[in-house]
Amino acid sequence: MCRRQLLNLMLIMGVLLTQTGCWSSFEIEDLSLYGGLALDEGEPTETEQDLNKQGGSYPRKNLITATIQIVPVNSFGSKSKSDKGHTAQYLNISETGDSLLEILRQYSVRLERMVIGHHLKVIIISTKLAQKQSMDQILDFVLRDNDIRPSCTVFLSEGKAMDVLEASRPGEVSAFRIQGMLRNHYRTSKVMKGVNLSQLDALMNSKRSFVLQNIISTKKDLEFAGAGIIKGETGNWIGSLDQPDVESISWIKGEVQGGAIKSYTEKNVPVIYEIKSMKSKMKAKVQGDDISFHVDIQSQGRFTENWDIKNDPSKAQFMEEAEKIFEKRLSQMIDSLMWKMQSKYKVDVAGFGECLSIQHPHVWKKVKDHWDEEFSQIPVTFDIKLKITDFGSSLK
Amino acid sequence: MISMWSQFVSYIPDWTTFMQAGLTLLIPIIICYSFRSLHSMIKEQNSTEKRALSTDSSGETSGSKLAGDYKSDVELIKQAIGNNCDVHFREFIMGGYEVGATLIFVAGMQAAEHINTQVLQILMMNAEKDSKDNKSLPSNSELSAYMKQKLLPVCEIKEVVDIRDLNQSILNGHIALFIEGMPNALVMSMPNEKTRSITEPTSEALIRGPRIGFTEVLSENTAILRRQGRTENLEMTMYEVGNYLKRNLVVAYMKDIVNLDLLEEVKQRISKMDMDYFAESGYVEQLIEDNILSPFQQGQNTERPDRVISALLEGRIAILLDGTPFALIVPVTFSMLLQSPEDYYERWIPGTLLRILRFFAAFMALMAPALYISFISFHPGLIPTELAISIIEARQGVPFPATIEGLILAISLEILREAGIRLPKPIGPAMGIVGGLIIGEASVQAGIVSPFLVIVVAFTAISSFSIPMFSAGITLRILRFVGMLFAGTLGMYGTVLFFLLICSHLTKLKSFGVPYVTPISPFRINDWKDLFLRAPLPLMKQRPDMMKTQQKKRRS
Amino acid sequence: MFIRSDDKISTSQTSIFLTNTVLGAGILTLPRSVTNVVQTPDAWISVLLGGVMIILLAILMVKLSQQFPSNTVFQYSKRIVGTIPAAVLCLLLIIYFIIIAGFEARVMAEVTLFYLLEGTPVWAIIISFIWVGAYLIFGGINSIARVYQIVFPISILILLLSYFLSVRIFDIDHLRPFLGEGILPVIKGLKSTILIFTGFEVIMNLVAHMQHPEQAVKAVVTGISIPIVLYLLTVVMVIGGLSTDGVLRSTWPTLDLLRSFEVAGLFFERFEFPFLVIWLMQMFCNFISFYFNASLGISQVFGLKAPSVFFGLMPLIFLTSMIPKRINDVFNLGDAIGVMGIIMFVLIPGMLSVIYIIRKKGLKQDV
């Protein structure tokens, strides 16, 4: 009797072990990780057009072309230790369609390994696409998906986004390179703090306008260049800011962690101010229905480079003169940004709205819905104080 | 109303769910039932055996007495044990008195030299001198007293009249002396048991600490314990165990420290043990443990007297069996398995560091392959990107899924380890080279396993060797395979379930009433000084709370 | 006594028992559910106030239970209101516990399915969970409390570490303005914060199992303060990291917080992994708690043997957990449990105390 029970038990165990095992198990080497995702206007690539001609098509609208960057390129048996590094490190593959999920699944009819998004690091959206579709629509899948982590960073590209993924030096994966370049934020404020998906989600939900870092690329190289503005109400791209504008936003927001201000003396030779520390204080003033802002920017820095060899930077007098020059330069930069924000694009991307919402939540509630328009009428004053505290290791 | 009803109906699960619910109930019941029957089977067998043996022992007679007649007595003995080739009957004439005498002994169990000088020489020659003063031999009853007091310079000597006793003592290595006219036999002991000299314990090597280990002789072992320090509170109680071949067993404890309920429980369990022969203290361990089905040991075996003594001072009880150098310490808790006496001999900072290292190693030994499998086959998204990419590159062309791959390597490692123990010492290292280097390297080259897994498995193996208790290491290695199966089925979730299952089992497990995972839980903050941390000695003022000792304080 | 056979737990074990009972599924969704009602970053004040209210309620329960030493609510309710009404009340409480147990198992399965085991059938996850739980429950309240003691420090450690690391995306501006719209939204949020503390009713059973029932108040205060602090921390860190707008858009905001950053250099680049591990363990504790209390109730009310009740509840809990058809149903069930919790409170400790006081003080009866 006991033996029969044991037999039963073994039978059940056997069934459990053989039938249940590994529902969700996929060996890691049978998967394709993609590190970058580029989203362009729908325009089938040449390969795709060829494939379509031979019947590889399905009903769809060509709204969006998604390119993924698969790392590492792993084809069975091709790897031998000696030629590592010579082969391309990644594989870019594009598909066109009107649903991101469908596109991603469509890769399964072209690749032997399923693609997973757990290791997606950067998403690059072409400004052309962002102009037509709202960011909310474009990124809806990415935000909803369980594979893609909200930690991945979103960029814009004024050229074709897929070219950005293509542009890299040999032995380098451009998605990871872009990810790494973000860390240079503390070297120069031309590199913005990356905006990741969860921040983007919050920004889109709050209907605030915001900026995303812009990437430009050539065949061989790529670079961070300014930023693109996304209008909060529509979620569309409306225009670009250049590199000094991006720096100015950092100055206003007080996010500058490093960098330099270059200006010219009367002799038209460059002098450089290296930022050591900075502080920015924004204050919203409300008088009746009138809102105004005052921004107080203070910074300490070093005289790092001086082409004006006649003047001695270690002299206090010259320092004070130079401070004036730099302050002027900075206020020019900021004015240019303010003009772009208030007159050209009529958006607020420098955190004035946030400041108002914190300091005067009741006023904010009234103007919240049409803040961008409201903002273009609001006077903003700046008070900039730069202080040169030292002049480096050379006295002359 | 109807719509509400239909809505309600829509929420009733379909029949497959009910089937699954049935399965949910059925399988545990079957498992529980079969475990119970297994348990009762073991119990039943134990009890039937006992009944059979008890009838057997009652049939034995208590033995007859010697008749008192020299010739017939010797004949009687000859009949009983004379068939053995190694029992010698040395007959001689006692010098001076000219009476016959017989010396009976087993060859090889005494020092022949001592028999010659201390018995034969005296009786055959020195007695002659003595006889000049006395002329005649004392009468029957005084003879044995005379022999003991005047003639034989042997410290252990007694008179025996019971034949069975006599036979047993002869066979155990005593010398029996019959003299014409003496009604009883004199039994002397001049043991020359060939024993191993006291050496360093090989199974528990230390860098710093006494180099002394137990031997196979019980009396020596108890003496070693006594020699650890002078106290009148170290009490040792002797038990005779084994139904067929009898052996001595000693229960040692500090009588003013040990908890009396615990002592009572231990003594009770020892007296209930029922086995024809106790070959090693492992028999005792298995017969007195609380839970037979648990993979965890419930008695700690050790060769080190210093370990035993410090356990006794904590209020534990040691069980020593004749014929084995391994003493048992009960009750045991999980943390003890990861402690080494060296923790206390070194200063507290290195001691603490080693403790933490061992806990980490134990965790790794248990979990590392399971974690590897769940990461590789289930959750590629939970590991860092760089690592994921290098693993993918390393695993190109590996034909097996991670679970199978892991099992292959782990099992071959176990075989290797087992083979290494059995091999003669000079070949052992060669084995390590063949197994570890050649097979490992070749299998990676051949693409059967990935180099990353080799690292994981090797790390696991080394971790399990770093556990000071050999038997605890085995437990963890067995459980590791279970963990791999869990991970292979349900990934990370399975691994978490496995961990919870182990926790549940450990908390349910008790060793002589002490919860196995004390002092982690039940939480005894005072005992935490000696858990992950090895607190400085001045801080360890108290004996462990969990032992509920009679004396709490370690210091006066 | 060296070998103890009684099932009593110490004061600290009671605290941890309570903590592990209360700290459960809520930690993943709490920031969203509270912010949804409050709509300002002041949600954390609601959590704090709600927690304090819960402590007061729990103390009331303890005071009532202390009048009947060594009796659980299933036993003493009989003495207050008579056998039949008490049976009805206890039955309600038992059903309440079973529903929570099923709910916890289901939420656990949903999250596991979504983030860890996509493709595994939901029954496989829930059944294995129930089995491991049942294995532990057979060890009685002592074993359960001991497992809690092992799991609890690990959970706390990793939880705090995760939050500590998420400081890198924490922005204090997300928590401002402080009381920008006054206290009213905070009060509104109280309702949803009270819901996350559901399950503290088990204290009415725990007091009976305490070694020192006179310390029950102390145990309750610590046992509920710990989850309050942790919930508070969760809300502060999640809103500070994701901002209210981000929280409102996220299904599992706490997980999203941990998925929003990567820690380069540490072995765990991704902290949702250790977090999910401890969360699973925490859910296990949570589940065990309700499973155990439900079976305790059934065996005491109907006089059944404990092991058969443990077995009997297994399929029942499984069916309960399978009732919700979509994730919305799961969340709705969670809200419903909160409402049930309030009703339970009104009925059981509330009504029972009133009747008890009337009978004792007013009618001078010996209860």
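This is a predicted model: local features need pLDDT of at least 70, side-chain atom pairs count only at pLDDT 80 or more; totals for chains, interfaces and linings use all residues.
**Pro315(C) and its surroundings**

- Pro315(C) counts as buried because 20 other C-beta atoms lie within 10 Å, and 20 or more is the number that the term requires.
- Leaving aside residues up to four places away in sequence, Pro315(C) touches Ala21(B), Gly22(B), Thr24(B) and Leu25(B).
- Within its own chain, Pro315(C) is 188 residues along from Ile127(C), and the C-alpha atoms of these two residues are separated by 8.9 Å.

**The interface between chain C and chain B**

- The contact between the two chains involves 39 residues of chain C and 38 residues of chain B.
- On the side of chain C that touches chain B, the elements giving two or more residues are α5 (83-116), α6 (122-137), α7 (140-165), α12 (272-302) and α13 (306-322) of chain C.
- Of the elements on this side of chain C, α6(C) provides the largest share, with 10 residues.

**Strands of chain B**

- Strand β5 (residues 185-189) of chain B is mostly covered, since 4 of its 5 residues are buried.
- Strand β3 (residues 157-160) of chain B pairs with β5(B) in the antiparallel sense over 4 bridges, and in this pairing Ile157(B) stands opposite Met188(B) in β5(B).
- Strand β4 (residues 174-179) of chain B also pairs with β5(B) in the antiparallel sense, over 4 bridges, and here Leu177(B) stands opposite Leu186(B) in β5(B).
- The hairpin of β4(B) and β5(B) has 5 residues between the strands, and in this hairpin Gly181(B) takes a positive phi near 95 degrees.

**The sheet and helix of chain A**

- In chain A, 4 strands form an open sheet in the order β10-β11-β12-β13, and their pairing is mixed.
- The edges of this sheet are β10 (260-264) and β13 (380-390) of chain A, each of which pairs on one side only.
- Neighbouring strands of the sheet are turned against each other by 35 degrees on average, with direction ignored.
- Strand β11 (residues 270-287) and strand β12 (residues 290-306) of chain A run antiparallel and are joined by 16 bridges, and Glu274(A) stands opposite Arg302(A) in β12(A).
- Helix α10 (residues 316-344) of chain A lies across β10, β11, β12 and β13 of chain A, and it runs at about 145 degrees to β13(A).

**What the record says about chain A**

- An unreviewed UniProt entry places the feature "domain: Spore germination GerAC-like C-terminal" at residues 226-392 of chain A.
- In the model, the span of residues 226-392 of chain A is 36% helix and 37% strand, and its end C-alpha atoms lie 30 Å apart.

Technical notes:
Residues are numbered from 1 along each chain as its sequence is written. Chains are lettered from A and ligands numbered from 1 in the order in which they are written. Two residues are in contact if their C-beta atoms, placed from the backbone, lie within 7 Å. Two strands pair if DSSP finds at least two bridges between them. Axes are lines fitted to C-alpha atoms, for helices over the stretch in contact, and angles run from 0 to 180 degrees between N-to-C directions. UniProt positions are given in the numbering used here, feature names are shortened, and annotations may be inferred rather than shown by experiment. A residue is buried if 20 or more other C-beta atoms lie within 10 Å of its own, exposed if 12 or fewer, and partly exposed in between; C-beta atoms are placed from the backbone.
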